[in-house]
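Let's take a walk through a protein together.

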Amino acid sequence: MYFDRSKFISPTRLVTLTVCFILLSGCASSARIRNEAITEPKPTLREQRSADISGQRSNDVVFMLAFSGGGTRAAALSYGVLEELRETSYVFNDREIRLLDEVDSITSVSGGSFTAAYYGLHGDRIFEDYEEAFLRQNIQRTLINGLLNPINWIKMITTRFNRTEMAIDYYDRQIFKHATFSDIQAHEGPEIVINATDLGIGQRFSFNQGYFNLICSDLSSFSVSRAVTASSAVPVAFAPVTLENHTGCKLNKEQWQDYYAAPGSTDNPRVRVLSEGIESYFDKENRRFIHLVDGGVTDNLGIRSLYDNIEYAGGALQAAKRLEHMPRFIIIMLVNAETSTVRPMDRENKTPSATTVVEAVSGTQIKRYNLESEILLEKSLAKWTEELSSQGNPVKSYFVKIDFESIADERQRFIFNNMATSFSLPDEEVDNLIEAGHRLLQASPEYQDLIKLIREEERKQAAPTSM
């Protein structure tokens with residue numbers, strides 16, 4: 001969540017940078033608005049697509065990936081997992097299918113959103129140029145140098161240009177090449193759900209057409225770079241990305257609830273809070289502008305959207321009915337780049353600095369909320385599996401968790417847990433993280449159970465039928 005400034009910025013530059021922050025923080029009095037208004041609600045991606053749009057995915061499988069926050073560390077680890085899924089294949093109906101092709105959706109926050117968005121835009125091209133385009137770039141230094149550029153000082157004083165707009169401009173030019181969500185939709189890969197935090201209500205905001213209908217906006221014309229920046233906009237270090245809550249698209253609260261919410265779903269206190277947040281978007285006068293920051297503030301694992309969507313719909317059975325088929329297998333794979341560092345303050349009798357205290361407090365809150373989210377999703381998955389199976393449709397589910405705590409070797413675990421949360425890592429650490437994505441997935445007991453099942457299904461298909 002925070003930048004490891006001590007590793008990449010000299011004390012002199014840090015002082016200069018701090019002065020720049022103070023002098024320029026109040027220069028841009030209003031934000032740039034880039035979400036276009038619509039006159040009526042638009043269909044969501046799931047409404048536009050059939051249950052098997054690519055012709056490759058098996059209708060028997062619902063496969064959801066979640067990429068956590070954690071800067072380049074999270075982006076590299078999730079990239080390694082994508083590589084491993086690409087390299088794992090099976091035979092279905094006399095056709096070889098990669099496990100990667102079975103992925104239905106990827107939900108992400110912060111650093112993980114870079115990998116999710118790039119894969120959503122380019123598919124397999126990610127394995128050709130993503131490392132050069134993002135993972136091996138010193139983006140942190142580039143953005144800091146831009147902030148120290150006097151030309152940008154003038155732009156910040158005279159226009160709506162700020163640190164966030166500088167990041168968006170860089171990502172647009174160097175990484176995402178001015179792509180919009182229409183480019184992701186045209187690729188026809190898995191659904192990509194990039195998540196940020198709505199600062200006004202302290203809840204998740206997802207970049208999908210469902211949420212954009214709430215604010216009467218068109219997602220397809222919205223910049224991918226702007227969404228990824230919102231998802232990774234660390235508070236204070238970056239200004240929020242602002243959206244306008246437009247009026248006039250003929251969507252009211254009752255219509256939204258009729259389509260998305262099931263009767264009784266608000267009996268769940270978590271869903272009730274979510275519902276209240278969603279209803280707030282219909283208050284166009286008091287919520288005219290939506291200010292978005294790092295998605296890790298509300299869900300640093302990127303898995304709450306999975307829970308929210310299913311429970312808001314009234315449970316797994318109601319959600320599955322919208323898929324037009326009942327799945328036999330549910331796979332949720334969490335790629336968690338969270339670290340557990342040893343803090344130097346515990347080794348000395350010295351009053352911790354204000355920065356150290358803030359980082360420790362925020363880190364503790366995030367870590368504990370992450371744990372609660374994992375437990376909640378694991379229990380919910382068991383409940384959803386039972387709901388679906390009770391309808392005469394036996395369902396098996398797998399919750400595959402990839403994290404550094406699974407590393408058996410203590411020394412290696414220490415190394416990974418002490419990698420910086422920044423947008424710049426040495427090439428050696430990037431290599432190690434990518435390899436860790438492979439090794440941790442291969443070593444996962446849940447993943448091995450899944451592979452065993454796949455091989456059993458292959459053998460059943462290959463076995464000759466008796467007359």
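Predicted model: local features only at pLDDT ≥ 70, side-chain atom pairs only at ≥ 80, totals over all residues.

Now for what's inside. The protein has 467 residues, and 53% of them are buried. If you trace the secondary structure, you'll come across 21 helices and 10 strands. How do the parts of the chain meet up? Take the contacts with a separation of 6 or more: 82% of them involve residues 24 or more positions apart.

Next, zoom in on helix 5, which covers residues 111-122. From its first C-alpha to its last, this 12-residue helix reaches 18 Å, close to the 16 Å expected at 1.5 Å a residue. Is helix 5 mostly covered or mostly open? Mostly covered: 12 of its 12 residues are buried. Among them are Phe 114, Tyr 118, Tyr 119 and His 122.

Finally, hop over to the strands and find strand 8, residues 289-294. Which strands does strand 8 pair with here? One is strand 5 (residues 191-198), in the antiparallel sense over 3 bridges. Another is strand 7 (residues 241-244), also antiparallel, over 4 bridges. A handy spot to look at is Leu 292 in strand 8: Leu 292 is the bridge partner of Asp 198, and Leu 292 is also the bridge partner of Val 241.

How values were computed: Residues numbered from 1 in each chain as written. Heavy atoms only, no water. Pairing = 2+ DSSP bridges. Helix = DSSP H or I, 4+ residues; strand = E, 2+ residues; numbered from the N terminus. Buried < 20%, exposed > 50% of the residue type's maximum accessible area, 1.4 Å probe, protein only. Contact = heavy atoms within 4.5 Å. Expected span 1.5 Å × (residues − 1).
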